[in-house]
Every structure is written in C-alpha cells, then in structure tokens.
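Please examine the structure shown below before reading on.

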Amino acid sequence: MIRVQREDFDVGAEIARIKARRSDIGAIVTFTGTVRDRDGAVAAMTLEHYPGMTEAELARVEAEACARFALQASLIVHRYGTLEPGDNIVLVATASEHREAAFEAARFLMDYLKTRAPFWKREDGPSGARWVEAEARDEAATARWSKEPAAKQP
Amino acid sequence: MRLLYFAWVKEKAGIAAEEVAPPDGVATVAELIDWLKGRGPEFAHAFARAEVIRAAIDQRHVRHDAPIAGAREIAFFPPVTGG
C-alpha cells in the first residue's frame, strides 16, 4: 500500500495495522526518514511533489519490491508540504516470514524511491532558500540492485 | 499537449503548467527542450543546463531521446530528492 499525505504518521499504529487479523508475519522492518537540521542552517523544509505521478511511481516501486522479495505486506507513506527539523518525511514498512526479505525489501524500496519518486526538497534557513541537490551516491545505491538477481529470496 | 514544471525549473520558467502546440519537427524530448529555450529568457534560463533536467511523459520517467508523439502530459523537473 502507498500513501502520499500532508499529515504526520504514527509508526506504531502502522505496524499494528499491518499485523491486524493475521498471524503469518514473522518479521516487520520499518525505516523512517526525518528532517535533519545542518547546524542551524535548516529552519524548515518544504517537499514539493508531482501529484498523480508520485502515486504511480511509488506503486511501481512497491510492485517491483513485491516481485523481487517474499513479502507479506508493504507500506510506503511519504509526506509533502512544509516540515520542520525532527519531523517525519517518509515511512517504509515491510513484512515477511523471515527477517532477510523484510530487511532487503525495505532497503530496496528506499533506494528506489530516492531516485524515482518525484519529490523535491527545498530548505529554508537564515541564508535563504535552496533546493536540495540530488546525490550521486543515491543513484549508485539504486544501480546496485540492477546487478543483483531478481529471484525471490525466502 | 500539457507541460508541467516542478521545483527550480518551475521557479526559473516562472510558470507551473501550460498548454502548448510545438511545431512539426519537434519529435523528441530533447527537441522540445530546444524549442522551449527559444520561447524567452525565462525558458532559456530554466533549461540552460538541459542535461541535468529530467522529464516524464504521461507520468513515467523518460530519457531525452524519447519521442513525444501522442503525449498528453510532459513534465520537466530537476533530479528528484525525496525520501
């Protein structure tokens, strides 16, 4: 499942929802990305996105993860709008029978959404506003997955 | 076709969305960018570093050599920085 929203999310509540009414899950991995201040340089961060494509791209990334890993459930929640240091930005949760698939899939989802999901961060601080630049290491992290076999791992 | 601009491409171009009808001969994303650059100083500025600008056709990422025939919506934006 994917959600794009302005509101905050509650990681505990999301885990409870994933587990509700089922007993076949043995492992849940969550990743939460938050707004990081850089020595007082970031007073606020605004996330712009491309409504429509954002949902489509996150759904494609999630479908790819489900095809690669033996997942019983997955969730991507990504916020947009203006946030402050310490605020949540993104949640990825993956559930599987055993921990390996959940760990790997969570990493895969984050690597892919970093380079595919159409969001742009603008930082506002004492010296004005600046658009955050994409990092080459994020592209490298995504490229790493294309070299690995797509076979499902237990 | 409808064009959309995001983040600093939108700020530099000074516009978020518009309807355009490019002339015949504008067949690819790269040719569309070249045509847009000729429409005024704002667009020349926004697309000055064309090689770093990413594009999507009908909400899917495409390369600059992608054909634009039949496209309903084309978006231009900087490399994404979500997550």
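Is A:L109 buried or exposed? A:L109 is buried, because 27 other C-beta atoms lie within 10 Å. Here a residue counts as buried if 20 or more other C-beta atoms lie within 10 Å of its own, as exposed if 12 or fewer do, and as partly exposed in between, with C-beta atoms placed from the backbone. The model is a predicted one, in which local features need pLDDT of at least 70 and side-chain atom pairs count only at pLDDT 80 or more, while totals for chains, interfaces and linings use all residues. Residues are numbered from 1 along each chain as its sequence is written, and chains are lettered from A and ligands numbered from 1 in the order in which they are written.

A:L109 belongs to helix α3 of chain A, which covers residues 99–116. Helices (H or I, at least four residues) and strands (E, at least two) are DSSP runs, numbered from the N terminus. Apart from its neighbours within four places in sequence, A:L109 is in contact with A:V61, A:E62, A:A65, A:I76, A:V92 and A:T94. Two residues are in contact if their C-beta atoms, placed from the backbone, lie within 7 Å. A:R144 is 35 residues away from A:L109 in sequence, and their C-alpha atoms are 13 Å apart in space.

The helix α3(A) packs with other helices, one of which is α2(A). The axes of α2(A) and α3(A) are 10 Å apart, and the packing angle is about 150°. Axes are lines fitted to C-alpha atoms, for helices over the stretch in contact, and angles run from 0 to 180 degrees between N-to-C directions. The two helices, α2(A) and α3(A), are therefore roughly antiparallel. By convention, angles under 35 degrees count as roughly parallel, over 145 as roughly antiparallel, 65 to 115 as roughly perpendicular and the rest as oblique. The crossing of α2(A) and α3(A) is right-handed. A crossing is right-handed if the near helix is turned clockwise from the far one by less than a right angle, and left-handed if anticlockwise. On the α2(A) side, the residues that meet α3(A) are A:E57, A:L58, A:V61, A:E62, A:E64, A:A65 and A:R68. Their counterparts in α3(A) are A:A105, A:F108, A:L109, A:Y112, A:L113 and A:R116. By class, the residues of this contact comprise 8 nonpolar, no polar and 5 charged. Ala, Val, Leu, Ile, Met, Phe, Trp, Tyr, Cys and Pro count as nonpolar, Asp, Glu, Lys and Arg as charged, and the others, Gly among them, as polar.

Helix α4 of chain A, residues 136–146, also packs with α3(A), at an angle of about 125° and with the axes 9 Å apart. The helices α3(A) and α4(A) are therefore oblique to each other. Their crossing is left-handed. In this contact A:F108, A:D111, A:Y112, A:K114 and A:T115 of α3(A) meet A:D138, A:E139, A:A141, A:T142 and A:W145 of α4(A). The residues of the contact divide into 4 nonpolar, 2 polar and 4 charged.

In chain B, B:A7 lies in helix α1 (residues 7–13). Its phi is near 55°, a positive value in a residue other than glycine. B:A7 is buried, because 23 other C-beta atoms lie within 10 Å.
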